[in-house]
Amino acid sequence: MVLAELGGSITRALHKMNNTTVIDEKALTDCLNEINRALLQSDVRFELIRDMQINIKNIVNLEQLAAGHNKRKIIQQAVFDELCRMLNPGKPSFVPKREKTSVVMFVGLQGSGKTTTCTKYAHCYQKKGWKPALVCADTFRAGAFDQLKQNATKAKIPFYGSYMESDPVKIAVEGVERFKEEDHDLIIVDTSGRHKQEASLFEEMRQLSEATKPDLVIFVMDSSIGQAAFNQAQAFKQIVAVGAVIITKMDGHAKGGGSLSAVAATKSPVIFIGTGEHMDQFEVFEVQPFVSRLLGMGDLSGLIDKIHGVVPMDQQADLVQKLSKGNFTLRIMYEQFQNALKMGPMGELVSMIPGFSSELIPQGHENESSAKLKHYMTMMDSMTNEELDSSNPKLINESRMMRIARGSGRLVREVLELMEVYKRIAKEFSKISRCRNPQDMVKSFPPHLLKQFGGVKGLQDMMGMFGGGR
Ligand SMILES: Nc1nc2c(ncn2[C@@H]2O[C@H](COP(=O)(O)OP(=O)(O)OP(=O)(O)O)[C@@H](O)[C@H]2O)c(=O)[nH]1
């Protein structure tokens with residue numbers, strides 16, 4: 001079961017319970033069993049699921065909950081918290097600091113996406129003004145150096161490697177020394193992989209780690225490896241001090257549940273996910289927004305991060321202000337659809353819009369989904385300014401709907417559907433803007449964007465102005 005489907009199944013299990021009139025032990029057990037089945041099918045490790053069920057049952061003590069408690073809400077919250085807990089090892093990973101050169105070593109099996117991910121990681125820091133450099137210590141796979149060289153050249157990142165030298169430790173040490181002398185602040189060492197966990201690979205990793213003394217070892221894992229994830233991650237952790245995990249190929253039809261197991265095995269957080277072969281298809285991973293997206297609750301911070309990438313600089317502040325204001329009009333939705341279409345992979349993106357579960361854009365149906373968004377936008381093109389700028393959906397009454405349908409060449413039924421989508425998204429936005437306090441909002445802002453607003457203070461001032469964090 002792929003992650004989008006997992007989110008859908010869990011949400012359905014919770015909704016089903018919503019329709020049950022009495023929430024008793026049986027209803028709770030049925031709901032949890034359904035969630036467990038979905039998690040198992042997504043390759044989440046059995047032990048993790050069992051612990052999750054026990055924890056939820058402990059938290060949601062139906063007998064002790066006095067009448068008047070909203071049991072459904074408590075159960076939903078417990079499921080959300082437990083999924084977050086599974087992904088949260090309890091300690092943050094090492095974060096490179098500008099003042100001192102950091103050495104980061106990448107490990108993982110062959111084909112996990114290590115080399116690609118090294119460059120994505122370097123590129124990500126480079127965009128923030130860092131001076132990263134790449135060292136290719138993979139002498140096992142013919143062509144590994146060429147691949148790194150090609151990627152690094154494309155991203156204009158200095159690299160070091162050798163066609164002649166067969167000792168990966170020697171190359172790594174020379175590369176790290178060279179880049180330290182050249183004042184690079186982030187040195188990334190790409191290591192070799194093997195098709196399977198082998199003693200020779202682990203010995204090489206151990207020697208490389210001893211010789212280069214990395215500040216951080218990142219374990220790169222292909223999201224499609226399923227139940228093997230736990231053992232694989234644990235095997236690496238036993239040899240080198242894995243401090244963070246990056247899950248790749250989250251764009252594919254992978255059973256992403258293995259990522260939960262990797263966190264449990266390495267007791268290290270997932271820090272990024274790879275969502276495609278291209279350099280920019282790389283996202284900072286944050287537990288709560290990820291689980292929100294999984295459960296179709298939307299991820300405003302991820303969306304804002306994406307906005308940074310595509311919306312012209314002079315329009316960014318405006319859009320972020322509108323989002324944080326929580327006054328969600330059809331015009332804002334129109335602009336979001338417009339950006340979503342520009343931003344590419346629909347499933348990935350639309351799932352970030354609150355109220356839009358990833359089920360709405362099923363994998364493999366991205367084209368149909370883009371077409372749908374375009375139809376919605378055509379209908380909105382036939383709206384008046386008054387309609388677009390109002391946040392009162394009742395304004396669009398039957399006769400207005402008929403006019404919009406006529407003007408856009410679409411059916412009245414489709415205008416109705418558009419209004420339903422709008423109402424749902426607007427509801428989610430208002431929930432988020434109501435419940436976020438300024439601290440939470442600040443935390444969820446990507447650092448580069450925060451800087452643009454003049455840091456924490458600037459953002460808080462702005463939010464104060466717009467009534468954010470009520
Ligand atoms: N779709 C998708 N493909 C990816 C992603 N990350 C890497 N790939 C592809 O996965 C394949 C293997 O990636 P590499 O970077 O060569 O893997 P590696 O782990 O360095 O392999 P070795 O050097 O042999 O150990 C390449 O075709 C990459 O383009 C991702 O996030 N999504």
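Here is a walk through the sheet, one of its strands, the ligand shell and a pair of helices.

A bit of bookkeeping comes first: residues are numbered from 1 along each chain as its sequence is written. The model is predicted, so local features need pLDDT of at least 70 and side-chain atom pairs count only at pLDDT 80 or more, while totals for chains, interfaces and linings use all residues.

Let's start with the sheet. Eight strands make up an open sheet with mixed pairing, in the order β3-β2-β4-β1-β5-β6-β7-β8. (Strands are DSSP runs of E, at least two residues, and helices are runs of H or I, at least four residues, all numbered from the N terminus; two strands pair if DSSP finds at least two bridges between them.) At the edges stand β3 (159-160) and β8 (282-284), each with a single partner strand, so one side of each has no neighbour in the sheet.

Now zoom in on β1, residues 102-107. On one side, β1 pairs with β4 (residues 186-191) in the parallel sense over five bridges, and Val 103 has Ile 187 of β4 as its bridge partner. β1 also runs parallel to β5 (residues 216-222), joined by four bridges. Over in β5, Leu 216 is the bridge partner of Val 104, and Phe 219 is that of Val 107.

How many residues of β1 are buried? Six of its six are, where buried takes 20 or more other C-beta atoms within 10 Å of the residue's own, with C-beta atoms placed from the backbone. In a regular strand the side chains alternate between the two faces of the sheet. Here both faces are covered: Ser 102, Val 104 and Phe 106 are buried on one side, and Val 103, Met 105 and Val 107 on the other.

On to the ligand. Around the ligand there are 22 residues, of which Gly 113, Lys 114, Thr 115, Gly 193 and Gly 274 come nearest; near means that the C-beta atom, placed from the backbone, lies within 6 Å. Helices α5 (114-127) and α6 (144-154) are the elements giving two or more residues to this shell, and α5 has the largest share, three residues. By class, the shell holds one nonpolar, 15 polar and six charged residues (Asp, Glu, Lys and Arg count as charged; Ala, Val, Leu, Ile, Met, Phe, Trp, Tyr, Cys and Pro as nonpolar; the others, Gly among them, as polar).

Finally, look at α2 (residues 25-41) and α3 (residues 46-59), which pack at an angle of about 160 degrees with their axes 10 Å apart. The two helices are therefore roughly antiparallel, the label for angles over 145 degrees.

Conventions: Buried ≥ 20, exposed ≤ 12 C-beta atoms within 10 Å, placed from the backbone. Axes fitted to C-alpha atoms, helices over the stretch in contact; angles between N-to-C directions. Parallel < 35°, antiparallel > 145°, perpendicular 65-115°, else oblique.
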